[in-house]
Structures are given as structure tokens and as C-alpha cells.
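Open the model in your viewer and keep the sequence panel beside it. The stops below say what to select and what to look for.

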Amino acid sequence: MGGNAGAADPDEPRKSQKMYASHEDIGYDFEDDPKDKKTLKPNPDIDGRWAWMVVLSSFFVHILIMGSQMALGVLNVEWLEEFHQSRGLTAWVSSLSMGITLIVGPFIGLFINTCGCRQTAIIGGLVNSLGWVLSAYAANVHYLFITFGVTAGFGSGMAYLPAVVMVGRYFQKRRALAQGLSTTGTGFGTFLMTVLLKYLCAEYGWRNAMFIQGAVSLNLCVCGALMRPLSPETQGKDPVETDAHVLPAQSTESVKSSGRLGRAEEKGASPGHEEALDDLVAQACQEKAGAQKDVCAFRALKTVSQLTLRVRKGFQDWYSGYFGAASLFTNRMFVAFVFWALFAYSSFVIPFIHLPEIVDLYNLSEQNDVFPLTSIIAIVHIFGKVILGAVADLPCISVWNVFLMANFTLVLSIFILPLMHTYAGLAVICALIGFSSGYFSLMPVVTEDLVGIEHLANAYGIIICANGVSALLGPPFAGWIYDMTQKYDFSFYICGLLYLVGLLFLFIQPCIQIIEQSRKKSTGGTHV
């Protein structure tokens, strides 16, 4: 044993590297063969300090995007008074913004594969801000469909998906907790944006409020700048890039040498040689200008070729993830998860859009002004995300079981909400909705467990696209039913039934596992 210890001492640095070089660490970049130790490159940013900066960035993205969208009930009341349209038609403005934010997920995956998360989020912040500002000049509801629903919604989607994906890439050990902390921005944002929009609408009117909110949304660009991409510590230099640096160096040296020769000849030259020296200097300047033009053209050509390769590779990865042999839709459990997302999300969105008006119908405006019901959902939603994320990270707890229990609690709350006609009763149900809807922090974790980290961007894009369809159709559907029945009760009942249908698809996953386990046991018994 002593000999072994002594022999191990010289390899101590190598051992310290192997201690981190496990195949479970998603912080390693695999080129071709994961067993090739030369291609394993540890990344210290995984679960590191900058990972928490990414969580902070994602937190503010959720405040500015999801929080403001959950507070659109304030603007919905203003639009009803301003444009005098039906509730169903007016609700389409909020639904388009929410829906398009999520529906564009698969296409934003193409942007991420091509440009990266940082550039995508920054561009999204600019487009989102533009949508808010243009909406301040709306002359009718249909104008808001384009400016707020489509433009601001598309910008929100470009900033939202990178914020979720980057947290998943930066964490391995505490993924659920990190996603929970980042997505608590939705709760904080709902509370803060509800208060902010109410104040701005009361002080300056809804048009100026949207203009100011557009300026606030520019902070999404700052959040995007914090999304530093993960890259290996040591990368081989691109030979093309090396050549690009060599070329100007050679041309500079030639110019310098020409200059020295000119000066040397100038010292010993007679006045008769001045014209020859001028010709040499002019020739050297022409060579220098030509070399600089060649270098600029070379760099431009190199940039275009690199951009073309990035776009082609990003499109190939995106296409193969959706339609190729490695299509995500060949995963049965993932397909069941998509169907759940398609039916479920509207039940969460509808209370935020229609609660302010329900409060007016029940004559609870005074109590709601003191402490809005949407703020109760938002505040409890924060604790729900953190607590559910922490519980799901426990080694003895299944993330899937926590996810299912939270969904079941939410659907019960949706069914009970129309039965409550007092502020206290509505507050209790809103608290249940807020806590149980904390399962949204587990959605990226569940998605990653189903498809793997390499397919997270494309897979989560599909999930939020299905959520977007649900959010797009849910609130207008509820408003349409109210226009027909003059009651919101049936709206919640029907959406609750749709949520139950989505839950049935979720239970397909554990049923498939039970069936597969029973088959393995039966085949094992026959072999014995």
C-alpha cells in the first residue's frame, strides 16, 4: 500500500482532474467519443458563481415578461372602457401577447441554435420594447392585435426561452431549485407590475403607461447580456483566424522594411535621386493599401462563411430535433407531456385576465383595491416555486410525483373558484392557485429528464408552444362564454374539464413505466 501511495504522488494533478471528469457532469463538451479523455473539458461555470448570475438574469426576465403579462388584467379593463368592444374580442389582445410569447418557442429554438442565447435575448428585448411603445398609439383593438399581441409577444418569446434554457445549461446539482428561484420572477413581477400599471394608468393614462413600460422593457437587453455562453476553457485557434493575423503582420513588416530602405537611401542620396525615392515611397504606400484591402476582403469573406456555417448547422440541429430520425416526437412520454401542456395552461391564465372584472361583478372592488387577488396569487406563487423546487431536489422525492400533485391541486382550485362569492373565499382559492401553480418551475426539469440536456432548447420550445396555444384560446373562450351566459362560472368549469383531460395524458407516463416494468419481470421470469 505504501508503494501505491508513493507511486500516486506524481499523478496528483491528474487525479484532481479525473475527480471532475464524470460522464454525469453536463459541463463537459463532448466532440465525438465521450470516452476519449482528450475531448473532455471541464467547465468551472457549471454550478459556479456565474451560474447564479444567470439565475438573476432569468429572474428579471420573468419579472419583465411573464409578470407584466399576468398583470394585463389592469390594461384589459382600460381597453374595455376605451374601445367599447366585447369582452371576448378585447381579451384577444392579452391572449395574443401571452400565446405568441409561447407559441414561437420552436422557432426561437432555431435562433438559439444559430445565434446563441445571448444575442437572441438582446434582440427580443428590443422588439418587445418596440411593441409596447407602438401600442401607446393604438386607435382601436385591432391595432393592438398587431403591435401588442404580435410584436411585443414575439419579442417576449425571444427573451423568455433563452432565460429558461441558460439556467438549465448552467446547473446540474440544483437544477430544480435554480429554476424555481429564477421563475419566482413571475410572482414578483405580477405583484410589482400590477401595482405599477395601476399607478401609471391612474396618474398618466393607459397610453403613457404603455410608453413607460416600453422603456422599462429595455432592461431585457441587459439581462440578455448577462447570459454568457458556456464554452471550454481551452480551444484550439482557428487556422483561418491565425492566417488573418499573419497577413497584416507580413504586410506591415514589408512596409516598414521599405520605409527603412527609403530612409537609408535618402541619407546617402543625391538630389538627383529624389524622384526615385518618391517613387519607392509611393509604391510602398500602394502595396500597404492593397494589402489592407486584401485583409479586409479576407476578413469579410471569413465572417460571411462562418455565419453561413452557423446558420446551416443551427438549422440542421433544429430540423433533426423536430423532423429528423432523432425527432423528439418519437418519445412517447414527451408527446404525452405536450398534450398536457396543450390543455392545461389556459386554466392558469384565465383567472389573471378575468379576476379584476369578476371582482367588479361581485362588488368587491374596495377590498380588492386594498390587496388585489392577483397579487395574492403572485406572492404565494413565489413561495410555491421555491418550496416545490426544493422538495423536488430531495433525493428521496420524485420530481414527477411533485409535478402531478401540484397539477391535481390546481385543477381542484379551478373548479372551486366559481363557488366563492366573498373576498375571503376568493383569497383562499387564489392562494391555492398560486402555490400549486409553482409547478411551472419544475417544467424545464421534467422536460430535461424526458429528452436530455442536449435537446432541452427544442423540447422546451415545443412545450411552451403548446402552452401558448392554450393561453391564446383560453381567455377569449372564457369571455365568449360570459357574453353568452352573463356568468363566468361555466368558463371555469369547462376549463377545469380541459385541464382534467390534460392530466389524463400526464398519467400515461407512469402507466407506461409500470407496463414496461411488468414486461421486464415477466420476460425475466421466463428466462429463469
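Select residues 49-70, helix 3, and residues 141-170, helix 8: the two pack at an angle of about 150°, with their axes 9 Å apart. Axes here are lines fitted to C-alpha atoms, for helices over the stretch in contact, and angles run from 0 to 180 degrees between N-to-C directions. The pair is therefore roughly antiparallel (under 35 degrees counts as roughly parallel, over 145 as roughly antiparallel, 65 to 115 as roughly perpendicular and the rest as oblique). The crossing of helix 3 past helix 8 is left-handed, a term for a near helix turned anticlockwise from the far one by less than a right angle; clockwise would be right-handed.

Now show side chains. On helix 3, the residues making the contact include Trp-50, Val-54, His-62 and Gln-69; on helix 8 they include Ser-156, Tyr-160, Met-166 and Tyr-170. Contact means heavy atoms within 4.5 Å. By type, the residues of this contact are 14 nonpolar, four polar and no charged. In that sorting, Ala, Val, Leu, Ile, Met, Phe, Trp, Tyr, Cys and Pro are nonpolar, Asp, Glu, Lys and Arg are charged, and the others, Gly among them, are polar.

A note on what you are viewing: this is a predicted model, in which local features need pLDDT of at least 70 and side-chain atom pairs count only at pLDDT 80 or more, while totals for chains, interfaces and linings use all residues. Residues are numbered from 1 along each chain as its sequence is written, and side-chain values use heavy atoms, with hydrogens and water left out.

Zoom out to the whole protein chain. There are 22 helices and zero strands; both are DSSP runs numbered from the N terminus, helices being H or I of at least four residues and strands E of at least two. Of its 528 residues, 47% count as buried (buried is under 20% relative accessible area, exposed over 50%, partly exposed in between, with a 1.4 Å probe and protein chains only). Among contacts with a separation of 6 or more, 82% join residues 24 or more positions apart.

Next, select residues 399-416, helix 17, and residues 423-436, helix 18. Their axes come within 9 Å and cross at roughly 155°, so helix 17 is roughly antiparallel to helix 18. This crossing is left-handed. Among the contact residues are Ala-406, Thr-409 and Ile-414 of helix 17 and Ile-429, Leu-432 and Ser-436 of helix 18. The residues of this contact divide into seven nonpolar, three polar and no charged.

Stay with Ser-436, in helix 18. Is Ser-436 buried or exposed? Ser-436 is buried, at a relative accessible area of 2%. Leaving out residues up to four places away in sequence, Ser-436 touches Leu-388, Ala-406, Thr-409 and Leu-410.

Move to Pro-418, in the loop between helix 17 and helix 18. Pro-418 is buried, at 4% relative accessibility. With residues up to four places away in sequence not counted, Pro-418 touches Tyr-362, Asp-489, Phe-492 and Tyr-493. Phe-490 lies 72 residues from Pro-418 in sequence, yet their C-alpha atoms are 8.4 Å apart.

Finish with the cysteines. How many disulfides are there? The count is zero, a disulfide being a pair of cysteine sulfur atoms within 2.5 Å. For Cys-223, the closest cysteine sulfur is that of Cys-221, 9.0 Å away and too far for a bond. Cys-223 is buried, with a relative accessible area of 6%. Cys-117 is also buried, at 5%.
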